[in-house]
Amino acid sequence: MDGGYSGNYAVVAVAVALGAAFVLAGVVANRLLRPHVPTAEKYTTYECGLDPVGDGWAQTHIRYYVFAYLYVIFAVDAVYLFPWATILDTDGYGLVTLVEMVVFIGFLATGIGYAWRRGVLRWV
Amino acid sequence: MIELLAATPQTSTGEAVAFWCLAPIAVGAAVMILLSRKAVHSALWMATTMIVLAVLFIMQGGIFLGVVQVVVYTGAVMMLFLFVLMLVGVDASDSFVETLRAQRVAGILLGAGFGVLLMAAVSRATFPEAVGVGAANDAAGGHVEAIAEAIFTRYVFTFEVVSIVLITAAVGAMALTHKERLTPRRPQPEQSVDRIRSAHPTPHPSPGVYAQHNAVDTPALLPDGTASEASVPDELRRQGTVRYTELEAANRRADEDGERE
Amino acid sequence: MRLELSVTDALAETPWWLSAIKAVVIFGFLVVSTLVMIWAERRVVARMQQRVGPNRVGPFGLLQGLADGIKLALKEDIIPTAADKAIFILAPIISATTCFLAFAVIPFGPVVSVFGQETALQLTDFSVSVLYVLAVTSVGVYGLVLAGWSSGSTYPLLGGLRSSAQVISYEIAMGLSFVAVFLYSGSMSTSEIVSSQDRLWFAIILLPSFLIYVVSMVGETNRAPFDLPEAEGELVGGFHTEYSSLKFALFFLAEYINMFTVAALATTLFLGGWQAPWPLGGAIWAGANDGWWPVLWFVAKLWIFMFMFIWLRGTLPRMRYDQFMKFGWKVLIPLSLLWIAIVATVRAVSNEASIDRQDILIWGGVALAVLLVVSIVWDYVSGRELEQPDDIDKPFDPFGGGHPVPPLPGQQAVAVAVVASPSNADSEVLDA
C-alpha cells in the first residue's frame, strides 16, 4: 500500500472532520447567541396548539417493515450488480456471466412476483 | 493481536496508529450495545461499530468491502432494525428484572466459556505468509475486477444460493406480516361522494373548550352547552378517555341514572 | 493543451495543503450555492405564481437566504421534555455532516495547475466512487429516522418513517439506474465515467436510465411533487416538527446540499460531467475542455437540474403516499431491471458473436413489436372468456360465518357488516 493510495481515503477523513467542525462551530455559536427563556408550555410536545393527550408513541404500521426488508434485498442485489456491470464488457465474461446474473435476478423476481400477486406490495 | 501486527512485515506505522485509534472505538461501541437500556441506543452503537469496521476494511485495501459494509449493514440492515424498533415503541427499554432464576450466572459462565474457546482457536491458528491485497488486485487488473472475478467464476454457486436464501427469508417475512383485505377497497372518488351525501359533509367541529381546557380529548360545546361527540377522535371515544366539562359530566351522570330508573 | 498526468496520478501526488484548500473551497461552494438556491427558489416560484418574491435584503433580495439563516441561529432552541435529548441533538448533526461528504468524489474539472502544482479538480476518487456516494446517503437517512424517533411526538415519528421509507425505496431505483452507466463506462470511478463520455453523453444513449434517475433523485431528496414527509395538511412539518433554531437550519441546509449532490451526480453520470456541451467541445473551440473552463460547464449543468427542482415545485401538486410507493416499487424498479437486462444482453451478445449492434437493435425492436401485437390480439380474442369464472355472481361474504375469513383468489369480497362510521355518529349528535 503506497502513500498515494491511502492518501485518497485520508482526504475523506479530512472532509468528515471539516464537516463536523463546521457543524460544531455553528452549534457553539448558536449556544452563545441564542436567548434562553424557558417556560413549561414551550417544552410540551407540538399538537397544533392543543395540549397533547397520551404519550407520543404511535404504533407504526407493519408494512414499513416489509419495505425495509425489500430494501435490504435490493441493496444486496445492487452490490452484486455493480461489479457485474463493470466487468461484463471485458474479455472472458460475456454471456456466461450474463446468464449467472439472470439466474440470480430470476430467483428474486420469482419471490417478489409471488408476493406482488398475493397483494403484499399494496400500500393500503 | 499484537504479535500478529508485529509479525506481519507489511504493517506501516500509519496503519498501526489508525488501528489502535479505531479498534477501541469499535470495541467500546460493541460494549455499549450491551449496556444501553434503550433498544434504539443499542442499534446506534451497533451502527457505529459497523462504520468503524468499514474504515478498518478500507485501511486494509478492501475499499469495495468497506463501502459495501456501510451500504448493506449500516444502511439497509440497521435501518430494518430501526424500523422494527419503531414498531416496538418509543419507550420500550429492557427490563433488568431477572425472570428466569440463575439465568444471569448461566449467561456469564457460557459467555466466558465461549470467550475462552474463541481465544484458544484464534491463538492456535496458523497464518500463511501474507500476500497483500495489492498483489491480488494487480493480477486481475483492478480492485473491482478482482472481486468480480472471484464472485462470478470461483464462487458462482454461493452467489446464486445467496439469492435463494434472501428471497426465501423475504417471502417468509412478507407472508407473516401480510393481512388479506376483508372489505373491498373504497377509492377516493367514492369516499368523497359518500361524504357529500352524508349528514355532515363539512369538517367536524374542533375539540377543546378554550377557556378551561385545550386538548383533543375535551369535546367542543354546542350552542346549548352539551358536548359535541363529533369533535373528539373516534379512538378516544372508543377508549372512553374523553374528558367532559364538569357541567356536562354531571348532566351525563343524571341522564344515565335516569335511564337506569 | 491538456496536461499530461492522469486523474489518479494527479490526485496521488496532490500535497496535503492543496487537498485541504480544495476541501474548504468545496465547503464554501456548497454553502454559498445553498444561499443562492434559497433565493432563486423563492424568486422563481414567485415569478411562476405572478408574485415578486423577496426583494428587500440586498440587491434583488439576494441576501435573503443569509438573513434567514442568521435569524434562525438567533432563535431560542427548544428540546421538548418528551424528547430523547442525546439523539435529538445528534440527528441534525448526522444529517448536516454526511451531506457534504458525497461531493468529495464529484469531479469539477480536469487536471489543472494550481500554484505550479498539477492536480485534478476533485477532492478524491476511488475505484468505487459511485458506491461511496450511495453509502454516504444511506448514512444520511439516519438523520431523518432518528430525528423522527427522538422527538417523542407522533407527527415527527410518522414523518421520519415516511421520509426514510421514501428515501430507501427511491435509492434502490437510483442505484439500479447506475448499472447501465457502469456497463458502458466499465468503471465505477467518477473521473473515468466522465472521460468515457467524451464523445456521447450517457443521457442520450441510456435515456431510460437517465429518466429513471431524474425521477428517483426527486424522490430521494423529498422534494415536490414527492415532498410527502412534509405534507403540511397531514404531518405538520414531518420529522423536523419539534426542531427549532440552528438544529432546524441544519436540516434545511442538509436538504439543499442533498439536492446539489444528486444533481451533481446526474451531471457526472449522464450529462458528461465537466465536458463542454456538444457544439462547443472539440470542433468549434479546441480549448473548451481545458484549464478552468470545465468548471463553468459543470456548474451550468448543475443549475439546470436545480432549476428543474424549482420548476417541479412550482408546477406539480403533491402525490398520495400509496401511489408514490406504488410508482417506485411497481414501475421504476421493474423498469430499471428490464432496461438493465436489455442493455446487458445487447452488449454481451454483440461482444460474443461479434454481431453488429445495430442489427441486434433492429431485430430486437421487431421482436418486441411482434410480441406487443400478439399480446394485444391475445387479450382481444381470449380475454373476455377468462373474465367469467363460475362463481363470480356469488359474492363472497368474509364475515359470513361469524369469523372473518379472507377471500380465495378470484373471489370478490363484499362488505356486509356495517362498521360504526363517524357519519352515523354525527347525525345522531346533530339530531339530538
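What follows is a run of questions and answers on this predicted model.

Colleague: Start with chain C. How many helices and strands are there in chain C?
Modeller: Of its 432 residues, 46% count as buried. Among contacts in chain C with a separation of 6 or more, 73% join residues 24 or more positions apart. The count for chain C is 15 helices and two strands.

Colleague: How many bridges join strand β1 to strand β2 of chain C?
Modeller: β1(C) covers residues 109-114 and β2(C) covers residues 117-121. They form a hairpin with two residues between them. The strands run antiparallel, and the number of bridges is five.

Colleague: Which residue in the turn of that hairpin has a positive phi?
Modeller: The turn lies between β1(C) and β2(C). The phi in question is about 50°. The residue is C:Phe115.

Colleague: C:Phe60 also has a positive phi. Is C:Phe60 buried or partly exposed?
Modeller: Its phi is near 55°, and the residue is not a glycine. C:Phe60 sits in the loop between α2 (16-48) and α3 (64-73) of chain C. Being buried takes 20 or more other C-beta atoms within 10 Å. C:Phe60 has 13, so the residue is partly exposed.

Colleague: And C:Ser245, buried or exposed?
Modeller: C:Ser245 has a positive phi too, about 55°. This residue belongs to helix α11 (residues 245-270) of chain C. Around C:Ser245 there are 22 other C-beta atoms within 10 Å, so the residue is buried.

Colleague: What distance separates the centres of domain 1 and domain 3 of chain C?
Modeller: The domain assignment gives domain 1 as 7-353, domain 2 as 357-388 and domain 3 as 389-419. The centres of domains 1 and 3 are taken over C-alpha atoms. The separation is 49 Å.

Colleague: Now chain A. How far does helix α3 of chain A reach from its first C-alpha to its last?
Modeller: α3(A) spans residues 94-117, which is 24 residues. At 1.5 Å a residue, 34 Å is expected. The helix comes close to that, at 33 Å.

Colleague: What covers the buried residues of α3(A)?
Modeller: The buried residues include A:Phe104, A:Leu108 and A:Ile112. Residues three or four places apart on an α-helix point the same way, because there are 3.6 residues a turn. The cover draws on two chains. It includes α2 (63-87) of chain A, with α7 (143-154) and α8 (156-177) of chain B.

Colleague: Which helix gives the largest share of the side of chain A that touches chain C?
Modeller: 50 residues of chain A are in contact with 65 residues of chain C. α1 (3-33), α2 and α3 of chain A each supply at least two residues of that side. By class, the side has 34 nonpolar, 13 polar and three charged residues. With 18 residues, the largest share comes from α1(A).

Colleague: Which residues does A:Ala68 touch, leaving out those up to four places away in sequence?
Modeller: A:Ala68 belongs to the largest nonpolar core, which has 180 residues. Along with others such as A:Tyr71, B:Met79 and C:Leu131, A:Ala68 touches the most other members. The partners come from chains B and C. They are B:Met79, B:Leu80, B:Phe83 and C:Ile168.

Definitions and conventions. Residues numbered from 1 in each chain as written. Chains lettered and ligands numbered in written order. Predicted model: local features only at pLDDT ≥ 70, side-chain atom pairs only at ≥ 80, totals over all residues. Helix = DSSP H or I, 4+ residues; strand = E, 2+ residues; numbered from the N terminus. Expected span 1.5 Å × (residues − 1). Buried ≥ 20, exposed ≤ 12 C-beta atoms within 10 Å, placed from the backbone. Contact = placed C-beta atoms within 7 Å. Nonpolar A, V, L, I, M, F, W, Y, C, P; charged D, E, K, R; others polar. Domains from an automatic or database assignment. Pairing = 2+ DSSP bridges. Core = buried A, V, L, I, M, F, W, Y, C linked by C-beta atoms within 7 Å.
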